[in-house]
Amino acid sequence: MRKTSAVLATLSLAVLTLTGCSQAPTFAGDVCDRTAASTPSVEESVTVEGDLGEAPDVTVYKPVKTDETSFADVITGDGKTLTSTSQPMVLDIAFYGGDSGDKLYESEFNGDPSRVHSISYWAERSAGLEKVLECATGGSRIVAVLTPEDFGEANVEAFGLAKDEDIVAIIDLQDVYLARAEGASQFNDARGLPTVVRAPDGTPGVIIPDSAAPKKPVTQTLIKGDGAKVEKDSTIVTNIMALGWDDKTVTSSSWGAEPNIGPAAGELVGATVGSQLLVVVPEADGNPATAIVVDILGIVPVPEQ
């Protein structure tokens, strides 16, 4: 495998076609007031027992009725805050019928930290979860009541629910990763190399110079995070954008989509979580030169045996 392909593969690059410099929807992270948005009375609909991350023992005081999707945090975690619909996170969730109290669905609740997804991923399955998860913090347990419209017409039909039956959800937000690189900007000799600018949500914009690409691989740290160091055998969570040097066109990006999860490429070993790196792979074997911007959002912990 030629070097460019190897770098992209080991960075677990999601191949997407970009149409412009779009951004993922963001929440007002600096002024999040989740308490004001919550509905404490939701807690009265259920009793939830058991430790966070383990399958809960749930009793639903049926029937549960609501005019609009609402939620309450029965445990408020002290982890990172969800500020974007594409921010990586790990959660477990269980759904119960509001009329019957019966369990409809339960995720693994097995402590597997590699099941990293985003709000967008879950909202595609049940639109109301976007509202429920907005500005939540890692380590929280959330009780929510979803209207059938927010639960999703296909879900209502699949579970054989009445068209006016609300749905109770128990969500354990086990972990939340960074939304973008966070740390100290680093000075680099940028002569002959791309310049990286950033949208407010962290989405990079890459300006490739008109000069020829370097003849040798280049790796520069643009932002140095203060998180854990990436080791050779680390599984990491990243956001990546790749551009062809000659045509200056974005060829692949994970921004605004699902995060990348995979083994750390050699270029990233030794970097710290929160860092942003620029990797330039020169032309070789008929493949064009490529510039890759990588935000290191987190390291997936090794599951306990």
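This note goes through a predicted model in numbered points, from the whole chain down to single residues.

1. Basis. The model is predicted, so local features need pLDDT of at least 70 and side-chain atom pairs count only at pLDDT 80 or more, while totals for chains, interfaces and linings use all residues. Residues are numbered from 1 along each chain as its sequence is written, and side-chain values use heavy atoms, with hydrogens and water left out.

2. Overall make-up. The protein chain holds six helices and 17 strands; these are DSSP runs numbered from the N terminus, helices being H or I with at least four residues and strands E with at least two. Of its 305 residues, 50% count as buried. Buried means under 20% relative accessible area, exposed over 50%, and partly exposed in between (1.4 Å probe, protein chains only). Among contacts (heavy atoms within 4.5 Å) with a separation of 6 or more, 77% come from residues 24 or more positions apart. The chain exposes about 14,500 Å², and carbon and sulfur atoms supply 49% of that area. Accessible areas come from the Shrake-Rupley method with a 1.4 Å probe; for residues, only the protein chains shown count as cover.

3. Largest nonpolar core. A nonpolar core is a set of buried Ala, Val, Leu, Ile, Met, Phe, Trp, Tyr and Cys residues joined through side-chain atoms within 4.5 Å. The largest one has 24 residues, and those with the most contacts inside it are L82, M89, L91, F95, L129, L133 and I171. At least two residues of this core come from each of β4, α3 (119-125), α4 (129-133), β7 (140-146) and β8 (167-176). Strand β8 gives the largest share, five residues. Beyond its neighbours within four places in sequence, F95 contacts D102, K103, L104, Y105, L129, L146, F151, I167, V168 and A169. A second, separate core has 21 residues, including V116, I236, V279 and V300.

4. Salt bridges. Side chains of opposite charge can pair when their charged atoms come close. The criterion here is a side-chain nitrogen of Lys or Arg within 4 Å of a carboxyl oxygen of Asp or Glu. The whole structure has nine such bridges.

5. R34 and D73. These two residues form a salt bridge, with 2.8 Å between the closest N and O atoms. R34 belongs to helix α2 (residues 34-37) and D73 to strand β3 (residues 70-75), so the pair links distant parts of the chain, 39 residues apart. R34 counts as buried because its relative accessibility is 10%; D73, at 18%, also counts as buried.

6. D99 and K65. Their side chains meet in a salt bridge of 3.1 Å, N to O. D99 sits in the loop between β4 (89-97) and β5 (103-106), K65 in the loop between β2 and β3, and the two are 34 residues apart. D99 has 28% relative accessibility, so D99 counts as partly exposed.

7. D92 and R115. This salt bridge spans 3.2 Å, N to O. D92 lies in strand β4 and R115 in the loop between β5 and β6 (116-117), so the bridge ties together parts 23 residues apart in sequence. D92 counts as buried at 0% relative accessibility, and R115 is buried at 15%. Salt bridges with shared partners join D92, E108 and R115 into one network.

8. S70. This residue is in strand β3 and is buried, with a relative accessible area of 9%. Apart from neighbours within four places in sequence, S70 touches T39, V42, V143, A144 and V145.

9. Strands β13 (residues 235-244) and β14 (residues 250-253) run antiparallel and are joined by three bridges; strands pair if DSSP finds at least two bridges between them. M241 has S253 in β14 as its bridge partner. Five residues lie between the strands, and K248 takes a positive phi near 55° in this hairpin.

10. Surface patch. L52, V74 and I75 form a nonpolar patch on the surface, with about 190 Å² of accessible area together. Patches are made of residues with over 30% relative accessible area and no salt bridge; like charges are joined within 9 Å, and nonpolar side chains (Val, Leu, Ile, Met, Phe, Trp, Tyr) within 5 Å. L52 is in the loop between β1 (46-49) and β2 (57-60) and counts as partly exposed at 33% relative accessibility.

11. G256. The loop between β14 and β15 (260-263) contains G256, which is partly exposed at 44% relative accessibility. G256 and D201 are 55 residues apart in sequence, and their C-alpha atoms are 9.9 Å apart in space.
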